[in-house]
Amino acid sequence: MPLTWTAPAPLEFRDAYLDFSWLVRQRRQPPVGSDLHEPAFVRLKGADPAKARRTLRDLVRDATSPLLMEPHEFGVLDARCGATDPDAGLPDEYALYRRLGTADADHAALFDVLDTGSPVSLQPDTAPAAPAIPAAPRRRPTSRPIVAAIDDGIGFLNGRFRTSAGATRFHAVWLQALEQGGPQKSAHLGQVLTAAEIDAAIARAGMDETAEYCAVNAGLIHADAHRSSEHGASHGTHMLDLAAGADPAEPGDPALGWPLLAVQLPPQAIADTSGTHFESYMVQAMRWILRRAQEIDPAAPVIVNISMGMHAGPKDGTRFAEYQIAREAALWEQVKKQPVRVVWAFGNDHDSRLMAELSYDKAQARKATDQSIEWRIQPGDQTESYLELRTPSKDMPVSALQIELETPDGLASGFAALAEGEARSLDLDGGAVARLYHVPARTLDTGIEQRAHMVIAVAPTESCHGEPLAPAGAWTLRLRYKGAPALRATLQIQRDVNLVGYRGEARQSYFDSPEAYGWDDRQQDHTALESDSPIRHDGSLSALATVRARQIFTAGAAVEDAESALKRPARYAARGADWTVSGPTASTVADRSGNRPGQLGCGTLSGTSRAINGTSAGAALMTRALALSADRIVANAAAGGGTQLDDFDWTVLDRWMVPQADTGRLGPYVIRPRDDTGPASGPDV
């Protein structure tokens, strides 16, 4: 059958990414078994919270119920069902898993579903039920910060994370892996290693840390998945070293006294750089970190580094992962009185051509309103490609737009209005190779709404699974608007890159226009965007770096210019915009110079090193700056005031003012921890 477009029709879906990725997954690798569950994050309802908790607990324990929980998360719920609620004041929100196909209405009287994740097959395993709280938690002095990381590939054996006596500084490490069903009706999400278990692993490993990582990974990670800790360099190890690594032979290094926590996300979630899979794991990781930090010292500040991101999204603080992590941090600090700071990378897509804008000025009568842009989807892409169409305010509803999508071969969908909850597909041999979605608005909390928007999903252009493929080449997106008020449409292509070492075989799609090849004086090439190009640098930041909360920091990346002693934006460093956040909180020096990219940090194995740049490195270095400023954080949290910049202790940090023209990419300051020899080179503040 030839390619054909379907008419708009209602479609059951909560998230366009999850719907289309599940469609593609079912065509190429149906999950083994029938016990399919989807992650869900829920908020209990009703006038009697204690009764609601007990009801949920009983449902999770009931073998006939479609609900189950990860053991650590269940431990939180179970503890709150006792005579005394240890989390009194915190909301009744929980991560759980429900059998695929379970309707929201089935438990509508008990809870609201705030978010769902990608379905998983819960095949039984022999993993023992993990305790929610270790029996003998370590205690630390309150003067020391607790540094945590949520990332990929945590080299927990590395010498940079040990004390001067050779013991691990980790209180615990959660090595997340794809869920498996446990013997006590639970969803086991990998393995938690305690400090004692890590110390034992260090002793067993000796000089052969790789063998120990291989042994741990063999029981956790599928053979066809990337095992970062078995490679010479791993992102999470490097980032945690920049954030809190220390040489045990240097007793004067303050970082030697910082307890560590880390969560290694499942490699399958990391491999999908669109963010489709990792949000539910991130939120569970944040909740776990806060409770483990309380075990270490309930008064010590906890600083969480998340050097990860995704490109497309609402960028108004309502993407679920960024919203919920900020909510967890703020409420924990408010109720538990333990200061929390979270550092996100601001984004690396300044020059990736993933942002575009089509605008309509105010007009009473419109004729010939069609505007268009090319979306180039590359050959050899074995992953889906996504484009989001949004408007920056409620005054500009996306429903006022009609869209038309044309394939590289000239088959156009035609203009048609899509109502919320409707979709239309481009079918080939009975399977959708592209789909247009009108995603309904979603309420996260009172007054917090993720606005309706449109998503265009396109299937892979290459595959070895015999599935219907989308044509590669220049797809054309056209917009038509007949309303009188001014309207601005932001177009964002989702990140879709092939990470080093991963086998996703992804190829990044991008926007194209004739006005996108002006002369760039700095780069000495034809890559500059001309003023009339619809492609934009503005708004190129990560969709997880836009929430406005006191506990949330975002980090840009600067390059050090040795000749002028200036700090300028790295070429990749993203830019804010007037319709989202204006720029990062601040920046750090992520590139030592134009000829020496990156910052040195440890490789996976002790004694090795690598250089990595990006705003990921910028976020890790900002995390270290905040850890060095722990006393100020504690004081500001106790006083309940100040701004993010007030948390930095300028007696141990240097800062350089950023020219106004660069603040959208660097924030107001470039900061750097001061080394033992004093200031580096003439800070001007």
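Which residues in α6 meet which residues in α10?

Modeller: Happy to, and bear in mind that this is a predicted model. From α6, the residues involved are His 235, Met 239, Asp 241, Leu 242, Ala 243 and Ala 244. They meet Ser 616, Ala 617, Ala 620, Leu 621, Thr 623 and Arg 624 in α10. Sorted by type, the residues of this contact come out as 7 nonpolar, 3 polar and 2 charged. As for the geometry, α6 covers residues 235-244 and α10 covers residues 615-628, and the two pack at an angle of about 35° with their axes 6 Å apart. The crossing of α6 with α10 is right-handed.

Now set that beside another helix pair, α8 (residues 278-296) and α9 (residues 320-336). Their packing angle is about 15°, and their axes lie 9 Å apart. α8 and α9 are therefore roughly parallel to each other, since angles under 35 degrees count that way. The crossing of α8 and α9 is right-handed. On the α8 side the contact is made by Glu 279, Met 282, Val 283, Met 286, Arg 287, Leu 290, Arg 291 and Gln 294. On the α9 side you have Phe 320, Ala 321, Gln 324, Ile 325, Glu 328, Ala 329, Trp 332 and Lys 336. Those contact residues split into 9 nonpolar, 2 polar and 5 charged.

A further pair is α2 (residues 49-61) with α3 (residues 71-80). Here the angle is about 135° and the axes are 9 Å apart, and α2 and α3 are therefore oblique to each other. This crossing is left-handed. Arg 53, Leu 56, Arg 57, Val 60 and Arg 61 of α2 meet Phe 74, Leu 77, Asp 78 and Arg 80 of α3. By type, that contact has 4 nonpolar, no polar and 5 charged residues.

Strand β33 (residues 599-602) runs antiparallel to strand β34 (residues 609-612), and 4 bridges join them. Cys 602 has Ser 609 in β34 as its bridge partner. There are 6 residues between the strands of this hairpin, and Gly 607 takes a positive phi near 85°.

There's also a sheet to look at. This one is open and has 4 strands in the order β19-β25-β17-β27, paired antiparallel. Its edges are β19 (401-406) and β27 (510-512), each of which pairs on one side only. From one strand to the next, the twist averages 30°. If you zoom in on β19 and β25 (residues 473-481), you'll find 6 bridges in the antiparallel sense. Glu 406 stands opposite Thr 476 in β25.

Last, a word on confidence. The protein chain has an average pLDDT of 90, and 93% of the residues score at least 70. Residues 126-139 stay under 50, and the model gives that stretch 31 contacts beyond four places in sequence. Over residues 676-685 the pLDDT is also below 50, with 18 contacts in the model beyond near neighbours in sequence.

Notes. Residues are numbered from 1 along each chain as its sequence is written. This is a predicted model: local features need pLDDT of at least 70, side-chain atom pairs count only at pLDDT 80 or more; totals for chains, interfaces and linings use all residues. Side-chain values use heavy atoms; hydrogens and water are left out. Two strands pair if DSSP finds at least two bridges between them. Axes are lines fitted to C-alpha atoms, for helices over the stretch in contact, and angles run from 0 to 180 degrees between N-to-C directions. Angles under 35 degrees count as roughly parallel, over 145 as roughly antiparallel, 65 to 115 as roughly perpendicular and the rest as oblique. A crossing is left-handed if the near helix is turned anticlockwise from the far one by less than a right angle, and right-handed if clockwise. Contact means heavy atoms within 4.5 Å. Ala, Val, Leu, Ile, Met, Phe, Trp, Tyr, Cys and Pro count as nonpolar, Asp, Glu, Lys and Arg as charged, and the others, Gly among them, as polar. pLDDT is the predictor's confidence in each residue, from 0 to 100.
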